[in-house]
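Subject: The two-chain model, with notes

Hello,

Here is the structure I promised to pass on to you. Have a look at it first, and then read my notes below with the viewer open.

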Amino acid sequence: MNKIKKDKDEMVSNKVSENSSKKSVVKQILPYLKKEWKLLAMALFAMLIFSSSKAAIPLIIKFAIDQFVNVPQQNSLILISLGFITLAIAHAGSFYLMEFSLLSSAQKILYQLRQDLFDHIQKLPVNFFSKNSVGRLMSRVLGDTDELQTLSDISIHMIGDIMMLIWIIISMLSLNVSLGSILLLTIPVITIYMILWKRKATLKFLQARSTISAVNADLNVNISSVRDIQAMNRQNLNIRAFDQLNQDNKKAALTAILMAASIGPVVTGLTGIALVMAILLGGHLVVTGQMTIGTLIASVLYIQLLFDPIGKIISHIAQFQKSMASGERIFQILNYKKDIIYKEAKEMPKIKGDVTIEDISFSYDNKTHVLNHVNLSIQAGETLALVGPTGSGKSTLAQIIAHTQEEGVTSGCIKLDGNKISEFNQRSITKQIAVIPQSPFLFSGSVMDNIKFNTNITDEYVYKITQYLGIHEIIQNLQHGYDTIMSENGNNLSIGQRQLISFARALVRDPSLIIMDEATAHIDSKTEIMIQQALNKLLSNRTSVIIAHRLSTIKDANQIAVLDHGNIIELGNHKNLIETNGKYAEMYQSNGSVAA
Amino acid sequence: MSHLIRIIKLCAKHPFLTIFAFLAGSFSMGASILFPKLLGLTIDTATASIQIGSIFNQGMILLTSAIFINMLLLGLFTLGKSYFSESLAENVSYDLRKKFFNHVINLKFAFHDKTHTGNLMSRAITDMNSVRSLISSGIMDTPFQIGLLIIVPILLINSHLQLGLLSLVISIAIVTIAIPLRLKVRSLWLKIQKNLASLSTTLQEDLTGITIVKSFGAENYEMNKFQSSNKDIASQIISAELIRSRYVALKLFAFLLLTGIVLIAGRNLVITEQLSTGELAQFLFYLVMLQSPVIAIGGKIAVFVRGIEASKRILDIIDADWKIKEPLVPAIIKNVKGNIRFNDVTFSYNEITTLQNIKLDIEHGMSVGLIGMPGSGKSTLFKLIPRFYDIDSGILSLDGNDIRTLPLEDLRNNIGIVPQDVLLFPITIRENIAYNKPTADFNEIIRAAKIADIHSFIETLPNGYDTIVSERGANLSGGQKQRIAIARALITDPPILLLDDPTASVDFTTEMRINKALEIVTQDRTTLIATNRVSSLIKTDLIVVMENGKIVNKGTHYNLLETSPIYQELYYIQTEQKAS
């Protein structure tokens with residue numbers, strides 16, 4: 001599966017074409033269906049037997065009544081018994097086989113779609129995530145895949161229902177042409193009515209759904225901000241506003257309920273008409289000897305089977321459209337090109353820590369440049385600080401050095417120990433670099449899990465590192481020590497504690513290069529001192545790149561680069577830059593050593 | 001069981017819908033039971049008409065009209081049944097949702113501290129849906145399915161004892177097999193839901209922490225985590241659904257075979273004239289009818305189990321007696337000045353004493369700073385004044401009145417609060433500022449914004465005051481949100497203002513701006529500021545240093561620099577950082 005997509009990625013351009021049509025959805029879902037072709041073929045086969053056997057039930061009853069029950073002299077007992085046993089086995093067996101193969105194939109397709117989508121999304125360029133919210137991507141991976149997976153199921157049921165309809169029509173006509181053709185006149189009537197009804201009903205259902213979403217959204221806002229609402233005495237006003245939404249929803253829901261129920265009487269009414277016609281006309285044919293009583297009974301049974309497949313076919317069409325829409329959304333993401341850092345390449349050897357930034361330019365859209373021909377070099381063991389206002393390009397530069405982003409680099413390269421990183425395997429590089437983000441993100445799981453994150457180290461090694469950092473005791477004093485489970489987003493720990501854990505997480509990898517986005521979030525002074533101490537240990541003897549917010553923390557950096565609009569406007573150490581009395585000196589003085 | 005009874009009582013509050021739903025259901029069941037009988041009679045009359053030579057005799061006309069009318073009535077009653085029972089379910093869920101909202105929004109902080117939003121939302125959405133189907137598909141439909149399961153076999157036994165008994169035995173056998181299977185399916189679905197939750201957690205974390213994942217090269221690690229739940233879900237769904245398919249297949253097999261047996265055995269009865277062809281056909285039609293309750297009953301069990309659990313979860317919230325007690329005979333306060341007095345106040349939270357013997361006198365118009373480490377109790381002290389939490393002992397008074405004797409609404413109306421974690425609503429900035437006082441006119445709003453030093457910023461926005469705040473205020477910076485919150489607190493011009501760490505998580509420049517705004521804001525009102533930044537407190541009238549839930553020092557900035565070791569240390573650390 002991955003191979004197929006990889007080929008495609010190289011061909012499809014990054015810009016998603018607006019008119020990605022249904023055709024392409026079908027074309028792209030085909031490989032998934034092909035992979036499960038055996039199960040799908042089995043499902044189709046079973047479906048054909050199932051619908052045929054269902055349509056055959058009235059026929060065998062007719063046969064039994066006409067050839068056996070009402071004919072005392074003939075004895076086809078064995079034939080009839082065999083007939084029923086065969087039909088029962090075929091009908092029940094094909095049903096189970098059909099369910100089994102449809103379910104298995106659908107779940108396998110769903111599994112694969114989710115897996116591919118997850119894998120693909122992870123490897124998209126960093127700026128993709130700033131444009132697409134987490135909630136939206138989640139509904140692609142969880143919701144839309146579920147809708148798309150029904151495509152195979154609907155298609156096979158559709159074939160089955162059409163098959164069934166054809167069988168019923170053929171059987172009714174073959175039982176008696178004139179009676180059959182009159183009864184079949186009801187088909188166009190019910191079909192047209194159902195289509196019109198469906199169109200109107202869909203609208204009402206949509207209204208009901210959108211009013212309930214409004215109710216739930218309002219409820220969510222009110223519950224999550226309940227403290228503020230109580231603090232501001234807004235309860236009564238909000239209760240009234242909620243009641244309005246709640247009432248709107250009730251109204252819309254009742255209309256939708258009536259709409260849904262209203263199709264019933266039409267179907268039964270029409271069935272009634274068909275029955276009356278069948279009985280009178282059929283009865284006339286029976287009385288005049290042109291038809292048997294068994295045929296009459298079979299016709300009555302067929303009338304009851306007739307409308308079911310029509311209704312199903314119409315709702316399959318609606319579901320088909322929904323699946324297609326989901327498919328378009330999924331393949332839009334799958335067609336989005338992965339970042340080029342994910343490619344097959346050789347392993348990067350163990351690095352010492354010399355970093356060369358050679359003529360790096362970067363642009364998201366090929367028009368405006370975030371970085372303009374940036375040149376810098378860092379000796380192993382030295383610290384480079386990046387300083388500059390928001391949007392100056394310092395974070396982008398750090399991401400390029402960390403090799404988490406290569407898509408968008410328009411010129412130049414990063415060299416580690418003289419080796420161009422773009423020529424090496426991404427994992428072999430990221431393994432040797434530790435990135436410490438501004439706000440420490442922890443995953444659910446224990447503190448231990450978070451420190452070990454994606455490594456095979458032992459508990460003892462973790463203790464060694466935390467002791468070295470001087471944070472072993474802090475972790476041990478947490479509610480369950482190293483086994484403390486992170487609540488959502490690590491909210492049960494303070495920001496300072498989370499930051500210390502993220503230091504440990506970085507250090508256990510023994511990185512040759514550390515890239516750090518210095519935290520600005522306010523933490524109490526004692527923790528701050530602790531963090532500073534741990535940080536000094538973390539950075540000693542390692543090459544580091546620090547995005548600095550508080551200028552006081554980077555005074556000892558070997559080099560400080562001041563960035564502005566993607567250009568390095570000043571470069572030097574603290575002393576030089578203060579003496580130069582330029583932008584850096586201005587920033588340092590104007591805000592008491594704190595920069596934005 | 002008691003929860004089921006309460007749901008039934010809630011249904012009874014809509015007597016017309018309940019009665020009509022039951023009447024329509026009974027008539028619809030009656031019409032459907034009558035139908036095979038009419039068909040059987042018709043077939044016999046048609047056979048008898050062969051002797052007469054014409055089908056168009058009085059008996060036939062009468063019967064066919066009866067069939068037609070029966071079908072029409074069946075259609076109408078079925079519509080009535082589903083409309084009335086679904087409407088009933090909708091009305092009850094409207095009532096429940098209203099109660100739920102009205103209750104939850106007034107529950108005290110201690111409740112909300114314990115209960116996550118997600119937890120309450122899942123009760124309001126998922127559990128509400130289960131209750132709805134408990135009503136429409138459980139309570140309002142099950143009696144009729146059981147009715148069919150009893151009446152149809154009785155009719156069959158009536159027309160032929162052995163064959164009728166056989167049908168009854170087979171039906172009961174399938175239902176008995178179905179019920180435990182259905183419960184097994186349910187337990188499987190609970191597992192599936194757990195896996196789905198962990199799948200979605202992995203996904204959400206991976207997306208939220210994507211930069212970490214990328215920079216640690218952990219794509220495959222995450223992929224494996226995702227894969228394990230993804231795989232389990234697929235196989236569990238297959239096994240859960242297949243259990244159901246298995247007994248549906250069993251039903252199909254058994255009833256088709258039963259039809260064969262009835263036809264073969266029926267032949268002898270027809271030949272010996274114990275049974276007419278019409279009666280035999282009628283028997284077959286009844287067999288067709290019997291299949292639907294046989295399958296449905298298993299499903300009903302699941303509807304009831306799930307629905308009762310869900311109604312318990314909803315009713316538990318509605319029953320929760322977690323409200324701040326209003327005084328029985330409230331004292332009347334007018335023109336609050338803002339004298340606040342803590343007289344030996346002790347407060348514990350989760351059975352841990354967080355404030356101990358607090359004694360503090362605040363004269364109206366004073367500005368007071370509370371400083372201390374996180375966990376020292378300064379934010380907690382704050383939350384006692386608007387009665388977000390009630391004290392254990394001592395007296396907390398406003399202008400000489402114990403706050404527990406004041407009407408809660410009046411008390412809170414006199415207090416403006418700027419919380420630490422500012423939350424703006426997804427409405428316009430103008431509505432956000434006027435959130436406390438929706439009747440405020442535009443000039444008042446601008447005035448508050450000007451005092452909070454946010455007016456000029458708002459003016460630079462393309463839509464000005466009509467700019468919609470995006471979810472959680474994502475389109476505003478921390479400092480901007482903070483100042484909007486200050487404007488919002490000022491809109492009622494409250495005599496008391498509480499600011500909880502107003503400069504947390506903003507950078508230094510913004511901190512300076514906020515501090516400047518606060519200088520104006522605090523004029524002419526009692527102000528309390530909790531913080532751990534010394535720089536925010538230099539200009540206050542009184543600084544209270546707290547540690548471990550106790551007041552350790554009180555005084556002005558210059559006093560404390562000499563007398564309070566804690567204050568000295570804080571001051572030293574914070575200025576050292578800046579100076580170095």
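A word on naming before anything else: helices (H or I, at least four residues) and strands (E, at least two) are DSSP runs, numbered from the N terminus. Please also keep in mind that this is a predicted model.

Just after α2(B) comes B:Gly53, with a positive phi of about 95 degrees.

Chain B as a whole

Chain B holds 19 helices and 10 strands. Its radius of gyration is 36 Å, well over the 25 Å that the globule rule gives for 580 residues, so chain B is more spread out than a compact globule. You can see this in the C-alpha trace, which spans about 120 × 60 × 50 Å along its principal axes. Of the 580 residues in chain B, 45% are buried. Taking contacts in chain B between residues at least 6 apart in sequence, 78% join residues at least 24 apart.

Where the chains touch

Most residues other than glycine have a negative phi. Is B:Glu273 buried or exposed? B:Glu273 counts as exposed, with 7 C-beta neighbours inside 10 Å.

Helix α6 of chain A (residues 134-175) has 42 residues. From its first C-alpha to its last, α6(A) reaches 60 Å, close to the 62 Å expected at 1.5 Å a residue. There is a bend of about 35 degrees in α6(A) at A:Arg140.

The four-stranded sheets

In chain B, an open sheet of 4 strands has the order β2-β1-β4-β5, with antiparallel pairing. At its edges stand β2 (352-362) and β5 (401-402), each with a single partner strand, so one side of each is left without a neighbour in the sheet. Strand β1 (residues 340-349) of chain B is joined to β2(B) by 7 bridges, and the two run antiparallel. To find this pairing in the viewer, look for B:Ile340, whose bridge partner in β2(B) is B:Ile362.

Chain A has an open sheet of 4 strands too, in the order β2-β1-β4-β5 and with antiparallel pairing. Here β2 (371-378) and β5 (419-420) of chain A are at the edges, and each has a single partner strand, so one side of each lacks a neighbour in the sheet. Strand β4 (residues 409-416) of chain A pairs with β5(A) over 2 bridges in the antiparallel sense, and A:Leu416 has A:Asn419 in β5(A) as its bridge partner.

Strand β1 (residues 355-362) of chain A contains A:Asp359. The phi of A:Asp359 is near 55 degrees, a positive value in a residue other than glycine. A:Asp359 is exposed, with 11 other C-beta atoms within 10 Å.

An enclosed strand in chain A

Strand β9 (residues 559-564) of chain A has 5 of its 6 residues buried, so β9(A) is largely enclosed by the rest of the structure. Which way does strand β3 (residues 383-387) of chain A pair with β9(A), parallel or antiparallel? The pairing is parallel, over 4 bridges, and A:Leu384 stands opposite A:Gln559. Strand β10 (residues 567-572) of chain A is joined to β9(A) by 5 bridges, running antiparallel. There, A:Asp564 has A:Asn567 in β10(A) as its bridge partner. The hairpin of β9(A) and β10(A) has 2 residues between the strands, and A:His565 takes a positive phi near 50 degrees in it.

Happy to go through any of this with you.

Best wishes

Definitions and conventions. Residues numbered from 1 in each chain as written. Chains lettered and ligands numbered in written order. Predicted model: local features only at pLDDT ≥ 70, side-chain atom pairs only at ≥ 80, totals over all residues. Rg over C-alpha atoms; globule rule 2.2 N^0.38 Å. Buried ≥ 20, exposed ≤ 12 C-beta atoms within 10 Å, placed from the backbone. Contact = placed C-beta atoms within 7 Å. Expected span 1.5 Å × (residues − 1). Bend = angle between axes of the 7 residues up to and from the residue. Pairing = 2+ DSSP bridges.
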